[in-house]
Structure formats: C-alpha cells, structure tokens
Amino acid sequence: MTVPAASGAHHGHPHPRETLDRCALQAQLRGDPMLGTAFPANRLLLVEQPGAWGRGGLRNSHFDRTTADALEARAHVAGMRLLAIRRPGRTPRGAPRRWAVADCRPGRESLRWGRYDDDAELLDLPLDGSTGVRHEAPIYLVCAHSKHDTCCALRGRPVAAALAAERPGRIWECSHVGGERFAANVLVLPAGLLYGRVLPFAAPEFVEATERGEVVGALLRGRIGLKPVAQAALAFAYEHLAIRRADALRVLGVGGVREGEATVRVRGPHGLVDVTVRIERMRGERLTCAQPGSGAFWAFRPVGAAAVEID
C-alpha cells in the first residue's frame, strides 16, 4: 500500500501507520502538557514549494538550495520564521507559486500574499509587510512534514484534508512547527494561535470557532511570539475568566522565576490578573519518532490566578 499523492510527490513510499510506539501516542498516554510550546517568532515568511520536502524543509526540496539558505538567513536576521507550504492534495501543473508575510504581533495582525516565478526573486522581497495583497480571512497551516517526523504526516495530512473540505483554498500543509508529539499541529494565521492534537472529525467545529474569533482552549499550545510561561498563563486566563474571545486578553509582563514559578500579568476586560505558572523539568521516552529514546522537556503548569488591586 502506498501513500496517496500529496502535492504530487509521494508515490512509492510505504503508508505510515499509527502504532503504540509513535511519539504522538506516547505523549498522549503520558499526558505531556502542551501549554507553552509555541515557537518564539511572531512574524513568518511562507514560501509555496510543491512536492516532497526533506528534513530541512525548503532547503531540501526542489527549491534552489543556495537561494533557500540565503532566504532562511534573511528571515533569521529579520526575526522571522521561514516555513515551506504546499496545497493539500495535488498541485495543478504549472500553477503559480505564492509567498506570504504574516505578522502575528498583538494589535498588528496581518497577512499579505504575492506570487513568484523564479526562486531568486524572493531574495529581493521586502520582509516588512510593505508589499503584497492583504487578505483578511484567516488561513490554517497544518504541519505535514513527514521527513522531520512520521507523526506529522500520519496525523497532519488527514486533518489538512478535513479542513480543506471546510475552507477550500485557505488550508496549507507546512514544514516543521515544533512539537511533533502533539500532532496534528495547526497554526492559525494571522492570529498566531498554535493548536495541537487536532482531529479530522472536529474540523467543522474548529474552523467555526476560530472564525468567530474564539480560542479553542482544549487544543491550545500557545500563541507564537510569547515566552512559554506567558503562553501558558494566557491559556489559563481564558479558562479561569471564562473568556472565549481571542482578542480579549493581552499579556503585559512576565516576572522572573523564583523557586520554580513565574508570575505573568494579563489584562482582561475586567482588569488585571496575575497568573502563577510552575516550571518543571520532565523526562519521557520517544519524544520524537525520528530520535527514539529518553529525553527531557520543560512543562509549564498554571497553578493559580489573582486579581490585581490598583490603588
């Protein structure tokens, strides 16, 4: 049995199967916490590249390697994360390739798109969001980077297909976003909310809640660009304050770590709240499918919240 072609480049490879030793299943059985695991960049450069990606994503694809290296360096200097993207299923032959610049900073959220023909064109692309056509509708990036970890493809591709059935043209498979053991991982742009353990059958409810401007708390890993403790505190505040609107809360500051705990100040519709987050070092087996064995990770566990009295 072979994998059905995705982006026209998956023929001849064995179909991965869910087994007891997969990292995503092992993490679920351990109860690995997802809060605070979104990556630190709050701006992204997305580059459409159909076909197969190697472990290095765009650098190991049909995209010119030298150009990919230079583009990744440019993005790094600009404080951006570079992700390869492709359409779920087959990409029509000769279809123009697209790029996008996403700004996920609170209050500055935007998504701008453009097209390119030659790889080298992107070396002259302004990365400050000053060019491209602005699109208001959110898009969904689903990590399906099989060469980085099998679970990303195994769980990601069915979710990408299910979401594409709900929002055609606004779903993209993407290269590695981190946290493969939380697959399927879905990044909503330009909101910057990263979700894990998304399931195909939940696709309709997931997109409907997202497009009402709500946070899907049970699946939230964090908001990209924030410190891990701030991500965890923000997620806890949504639940503790019974707030569903994603834009109703904002992190104002993060205190230092004392005795394994940090305090994060959050502003909400009814005032300021200090959330206490406990930081723990944990160990687990098979944190990735690609590198089996024991490993360590940080866990961020909110343990309480208190209203801030202003004199």
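1. Arg97 and Asp119 join their side chains in a salt bridge, with N and O 2.9 Å apart. A salt bridge here is a side-chain nitrogen of Lys or Arg within 4 Å of a carboxyl oxygen of Asp or Glu. The pair connects distant parts of the chain: Arg97 belongs to strand E3 (residues 97–103), while Asp119 sits in the loop between strand E4 (110–116) and strand E5 (133–134), 22 residues apart. Both Arg97 and Asp119 are buried; buried means under 20% relative accessible area, exposed means over 50%, and partly exposed lies in between (1.4 Å probe, protein chains only). Helices (H or I, at least four residues) and strands (E, at least two) are DSSP runs, numbered from the N terminus.

2. The model is predicted, and local features need pLDDT of at least 70, side-chain atom pairs count only at pLDDT 80 or more, and totals for chains, interfaces and linings use all residues. Residues are numbered from 1 along each chain as its sequence is written, and side-chain values use heavy atoms, with hydrogens and water left out.

3. The whole structure holds 18 salt bridges. One of them links Arg278 to Glu261, with the closest N and O atoms 3.3 Å apart. This pair also links distant parts of the chain, since Arg278 is in strand E13 (residues 271–285) and Glu261 is in strand E12 (residues 261–268), 17 residues apart. Arg278 counts as partly exposed because its relative accessibility is 34%, and Glu261 is partly exposed at 27%.

4. Arg245 and Asp247 form a salt bridge at 3.2 Å, N to O. Arg245 is partly exposed, with a relative accessible area of 41%, whereas Asp247 is exposed at 58%. Arg30, Asp32 and Arg181 are linked in a network of salt bridges.

5. Strand E6 (residues 139–143) is mostly covered, with five of its five residues buried. In a regular strand the side chains alternate between the two faces of the sheet. On one side of E6 lie Ile139, Leu141 and Cys143, on the other Tyr140 and Val142, and all of these are buried.

6. E6 is joined to strand E8 (residues 186–189) by four bridges, and the two run antiparallel; strands pair if DSSP finds at least two bridges between them. Tyr140 stands opposite Val188 in E8. Four bridges also join E6 to strand E7 (residues 171–174), here in parallel, and Val142 has Glu173 in E7 as its bridge partner.

7. E6, helix H3 (residues 150–166) and E7 make a right-handed β-α-β unit. Right-handed means that, with the strands pointing away from the viewer, the path from the first strand over the helix to the second runs clockwise.

8. A search of the whole structure finds zero disulfides, a disulfide being a pair of cysteine sulfur atoms within 2.5 Å. Cys23 is in no disulfide, and the nearest cysteine sulfur, that of Cys289, is 3.6 Å away. Cys23 is buried at 0% relative accessibility. The sulfur of Cys104 is too far from the closest cysteine sulfur for a bond, because that sulfur, in Cys174, is 12 Å away. Cys104 is buried, with a relative accessible area of 1%.

9. Gly57 lies in the loop between strand E1 (43–48) and helix H2 (65–77) and counts as buried at 3% relative accessibility. Not counting residues up to four places away in sequence, Gly57 touches His145 and Ser175, where contact means heavy atoms within 4.5 Å. Gly57 and Ser146 are 89 residues apart in sequence and 9.9 Å apart in space, C-alpha to C-alpha.
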